[in-house]
Amino acid sequence: MRYRILKKALYSAFFCACISTVAAECLTPKPHHLTRAQVTKVIDGDTLLLTDGRRLRMLYVDAPELNTATKKHAEPYARSAKSWLQKRLPKGSTIYLAVGQRKRDRFKRVLAQVYDLERRYLAAELLDAGLAQLIKIPPDNYPPQCLVDAEKQARIHKKAIWNSKLTAPIAASQLKGAERKVIVEGRVSRRWQKGKRYYLMLDKRLLVSFEHSELFAASLYEKAQKDSRIVLRGFAYRHGRQWRMKIKHAADVFVPEIE
């Protein structure tokens with residue numbers, strides 16, 4: 001009996017360690033880079049209202065939208081993301097902030113990385129749970145590697161949003177409507193280099209560009225042979241009759257995997 005109890009306890013400890021490993025890899029900024037604040041309310045999966053009246057948008061994560069203002073249906077797992085954050089940060093919770101290079105967004109929300117009272121990185125935990133995607137808000141274009149790893153593991157294991165229509169790729173040949181952030185897939189029609197940039201044409205419809213200087217660029221260009229299948233995430237926009245997308249980070253390249 002004692003053996004079984006000990007075995008169960010060891011298994012539980014090992015399991016807890018495994019699920020927190022990715023999030024734990026994130027290094028907390030030095031104390032003098034952090035400011036202290038208190039939470040009044042969780043607005044959604046990536047936005048908080050602070051006791052001083054400021055609204056705070058968490059850097060590097062994009063949780064599903066509740067769409068309360070537009071009265072549209074909430075996106076998959078939007079309520080789950082909000083509920084998760086409410087449990088982690090009940091009213092009155094103390095948090096630590098590392099404000100981004102861009103201090104506020106166009107909605108006047110403070111942009112910051114958020115840590116709880118024990119200095120745990122909430123963005124990493126959200127991504128690890130599959131309740132948010134990575135997002136870059138210029139000039140904060142380079143998220144910590146632990147966030148990239150957390151999202152990748154959630155995607156591989158099809159956690160939450162990664163097993164929903166929210167992240168289902170759209171064929172490049174089917175792009176239409178408004179410019180938007182999208183996960184798109186297509187086959188390489190052609191590829192070429194010009195100046196400091198690489199270019200891929202997907203399904204003869206979407207022009208993808210990325211700079212030579214990015215660490216993932218050479219590997220992606222080498223793997224993107226004609227007729228190979230590529231899955232990318234980015235902001236698709238129209239230029240005349242053509243759709244275009246700029247890729248700035250390896251985290252936005254899903255197939256082939258960039259190691």
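Predicted model: local features only at pLDDT ≥ 70, side-chain atom pairs only at ≥ 80, totals over all residues.
## A barrel of five strands

Let's begin with the barrel. Five strands form a closed barrel in the order β1-β2-β3-β6-β5, and their pairing is mixed. On average, neighbouring strands of this sheet are turned by 55° against each other, with direction ignored.

You can follow the barrel strand by strand. Strand β1 covers residues 35-44 and pairs with β2, residues 47-50, in the antiparallel sense over four bridges. Within that pairing, Lys41 has Leu49 in β2 as its bridge partner. Leu49 also stands opposite Arg55 in β3. Strands β2 and β3 run antiparallel and are joined by three bridges. They make a hairpin with four residues between them, and Gly53 in the turn has a positive phi of about 95°.

How do β3 and β6 run, and how many bridges join them? They run parallel, with three bridges between them.

## A helix across the strands

Now look for helix α2, residues 78-88. This helix lies across β1, β2 and β3, and runs at about 145° to β1.

Tyr77 sits in the loop between β4 (61-62) and α2. Although Tyr77 is not a glycine, its phi is positive, at about 70°.

In soluble globular proteins, nonpolar side chains tend to be buried together. The largest nonpolar core in this model has 42 residues, and Leu48, Ile95, Tyr121 and Leu147 touch the most other members. Several elements give two or more residues to this core: β1, β2, β3, α2, β5 (94-104), β6 (110-115), α3 (122-128) and α4 (145-156). Another core lies apart from it, with 23 residues that include Leu175, Phe210, Ile230 and Leu232.

Which residues does Leu147 touch, leaving aside those up to four places away in sequence? They are Cys26, Tyr60, Tyr121, Ala123, Ala124, Leu127 and Leu134.

One joins Pro138 and Pro139, with omega at about 5°. Pro139 belongs to the loop between β7 (133-134) and α4. Another cis peptide bond joins Val255 and Pro256, with omega at about -5°. Pro256 is in the segment after β14 (253-255).

Ala160 also has a positive phi, near 45°, in a residue other than glycine. You will find Ala160 in the loop between α4 and β8 (170-171). Is Ala160 buried or exposed? With 16% relative accessibility, Ala160 counts as buried, because the cut-off for buried is under 20%.

## Aromatic rings in pairs

A pair of aromatic rings is described by the distance of the centres and the angle of the planes. This structure holds six aromatic pairs. In one of them, the rings of Trp162 and Phe254 have centres 5.9 Å apart and planes at 80°, so the pair is edge-to-face. This pair links distant parts of the chain: Trp162 is in the loop between α4 and β8, while Phe254 is in strand β14, 92 residues apart. Trp162 is buried, at 9% relative accessible area, and Phe254 is buried too, at 6%.

Tyr198 and Phe210 form a tilted pair, 5.5 Å from centre to centre and with 40° between the planes. Tyr198 lies in strand β10 (residues 197-202) and Phe210 in strand β11 (residues 206-211), 12 residues apart. The relative accessible area is 11% for Tyr198, which is buried, and 0% for Phe210, also buried. Ring pairs link Tyr198, Phe210, Phe216 and Tyr221 into a cluster.

## Charges over rings

Finally, look at two arginines. The charged end of Arg119 sits over the ring of Tyr96, 4.1 Å from the ring's centre. Likewise, the charged end of Arg190 sits over the ring of Trp192, at 4.0 Å from its centre.

Technical notes
Residues numbered from 1 in each chain as written. Heavy atoms only, no water. Pairing = 2+ DSSP bridges. Axes fitted to C-alpha atoms, helices over the stretch in contact; angles between N-to-C directions. Contact = heavy atoms within 4.5 Å. Core = buried A, V, L, I, M, F, W, Y, C linked by side-chain atoms within 4.5 Å. Buried < 20%, exposed > 50% of the residue type's maximum accessible area, 1.4 Å probe, protein only. Phe/Tyr/Trp six-rings, centres within 6.5 Å; stacked < 30°, edge-to-face > 60°. Lys NZ or Arg CZ within 6 Å of the ring centre and 35° of its normal.
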